[in-house]
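Hi,

Here is the structure I promised to pass on. Have a look at it first, and then read on for what turned up.

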Amino acid sequence: MKTIFEKSNGVNGVCIGNSDDIDNLKISISEEFIRKDNIGLPQLSEVEVMRHYKELSDKNFCVETGMYPLGSCTMKYNPKVNEMLAGLEGFVNLHPLQSDEDSQGALELMYNLQESLKVLTGMNSVSLQPAAGAHGEFSGMLIIKKYFEKRGENRKKVIVPDSAHGTNPASASMAGFEIVQVKSNEQGQVDIEDLKKLLKEQGSEIAAIMMTNPNTVGLFEEKVLEISKLMHDNGSLLYYDGANLNAIMGYTNPAIMGFDVCHINLHKTFSTPHGGGGPGAGPIGVVDKLKDFIPTPVIEKKNDKYIRNYNMPDSIGKVRSFYGNFGVFVRAYAYILMMGKSLKHATEDAVLNANYLKEKLKSVYDLAFDEKCMHEFVICGEKQKEEGSSTLHIAKRLMDYKIHPPTVYFPLIVHEAIMVEPTETESKERLDNFIDVMLKIADEIKQNPEMVNAAPHTAPIKKVDETLAARKPDLKYTK
Ligand SMILES: Cc1ncc(COP(=O)(O)O)c(C=O)c1O
């Protein structure tokens, strides 16, 4: 495809005033600032400009294009009405420095969202400040750190399962903790015996454990209550990575499981489209004993007025400018109101869809763990590797069938991992199509692995050397 500069044909796309006006303007602009040379912008009619950018956007893949089963990311379809609401003039044009008095509607929305998230997580206090999941984790870790500092306890270590999402150890480490890894057992869950051993050896130094439940292999940690008892008996806290809330929302919550701090990825479970770096939000919730430490401002209701409370002396302080990504709050609140008790049905469908796919694929692809899964599951491409292909090639080949590749090579504890999260928003027809395509690719590998390994054949950009592209990106355009 040509660049817009190459397409330029000298046609004026827009006409600004007439030459008399421009001559008059010159009078007030000093001669030294008047442009001498051509500005060099492409020149095309308006419709050609539109067609150019439409053609470019058609090269993108999004959930409106097709299925996006990216495990751990919950790339579900989000109702467009929530976009409309987030774009309402009163929300978009409200300046964050406007007084509380003049922002009552927006503050009420934030307050109500905090209250809804308290119900959904079972936590006692919520701060909407953090900008994404990892940011919520980091804020949660600072809260845990401050809690122990206040108590005069020198606990410098955080336990993280070997299956954890990479942001967990990274956030704990950024907050100044040392990471201690706990092993997974044969069933893909936290190995209780290993945890007991760690607590016995290093108990007095352990501040917390970070877990997600369901965990990153899509399995519910059945011993979570035993884990929370072990941790609390040791004087430690439990952090819940809420990225997988889509699997449990309305059925259980982090508080019931014994967690003390959690974050929620509003951009996964609660209706903000993400990927491509769009804004997210990672509000955090805490149990009562940690409420004084959460980031400010917290939105409070006093005498029927909503206020931003910055006056929390023990707070870890602000972790983001103003109060967070407001547009994301609007979408989340609208989604929660729209769904009401049906949030539970979304959970059911997410889990049902994942189990349906898993059962249909397991005759051809090896399962990492042959258990009932939650909202996602992990298969491995070991068998296909022996036949001359690999997980990476299977993922790329899916693009030829207009399906976004699943998450691959994560979690690290599974060889040749392919992590599939269909979400609740896919129809049975789409799920069946995914199954057909995956089975077809397995067959193609048997017949002609070279063809599969050369995929994608139809994408605008064919196979790239991913290591080279990441390490030495060449972003310069040459004809
Ligand atoms: C399990 C898990 N935890 C944490 C995160 C981090 O969330 P974010 O990308 O919003 O920082 C993710 C993101 O994919 C995740 O899947």
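At what angle do helix α6 and helix α12 pack, and how far apart are their axes? Before the answer, one caution: this is a predicted model. The angle between α6 (residues 104–121) and α12 (residues 326–339) is about 60 degrees, and their axes are 10 Å apart. The two helices are therefore oblique to each other, and α6 passes α12 in a left-handed crossing. If you want to find the contact on screen, pick out A106, L109, M110, N112, L113 and S116 on the α6 side. Their partners in α12 are F326, F329, V330, A332, Y333 and I336. Sorted by class, this contact has 10 nonpolar residues, 2 polar ones and no charged ones.

There is another helix pair to look at, α7 (residues 133–151) with α8 (residues 167–174). Here the axes come within 8 Å and cross at roughly 40 degrees, so α7 and α8 also count as oblique to each other. Their crossing is right-handed. From α7, the contact uses G133, A134, E137, F138 and M141, and from α8 it uses T167, N168, S171, A172 and M174.

Now the ligand. How many residues surround it, and which are the closest? The count is 15, with S72, A132, G133, A134 and A243 the closest. The shell around the ligand is made up of 10 polar, 4 nonpolar and 1 charged residue.

A few backbone details are worth checking by eye:

- N213 and P214 are joined by a cis peptide bond, with omega about 5 degrees; P214 sits in the loop between β4 (206–211) and α10 (224–233).
- T296 to P297 is a cis peptide bond too, with omega near 0 degrees; look for P297 in the loop between β7 (284–286) and β8 (298–302).
- D304 has a positive phi, near 65 degrees, although this residue is not a glycine; D304 belongs to the loop between β8 and β9 (305–309).

Finally, the overall layout. The domain assignment gives domain 1 as 4–58, domain 2 as 81–341 and domain 3 as 345–471. Between the C-alpha centres of domain 1 and domain 2 there are 49 Å.

Cheers

Technical notes:
Residues are numbered from 1 along each chain as its sequence is written. This is a predicted model: local features need pLDDT of at least 70, side-chain atom pairs count only at pLDDT 80 or more; totals for chains, interfaces and linings use all residues. A residue is near a molecule or strand if its C-beta atom, placed from the backbone, lies within 6 Å of it. Ala, Val, Leu, Ile, Met, Phe, Trp, Tyr, Cys and Pro count as nonpolar, Asp, Glu, Lys and Arg as charged, and the others, Gly among them, as polar. Domain bounds come from an automatic or database domain assignment. Axes are lines fitted to C-alpha atoms, for helices over the stretch in contact, and angles run from 0 to 180 degrees between N-to-C directions. Helices (H or I, at least four residues) and strands (E, at least two) are DSSP runs, numbered from the N terminus. Angles under 35 degrees count as roughly parallel, over 145 as roughly antiparallel, 65 to 115 as roughly perpendicular and the rest as oblique. A crossing is left-handed if the near helix is turned anticlockwise from the far one by less than a right angle, and right-handed if clockwise. Two residues are in contact if their C-beta atoms, placed from the backbone, lie within 7 Å.
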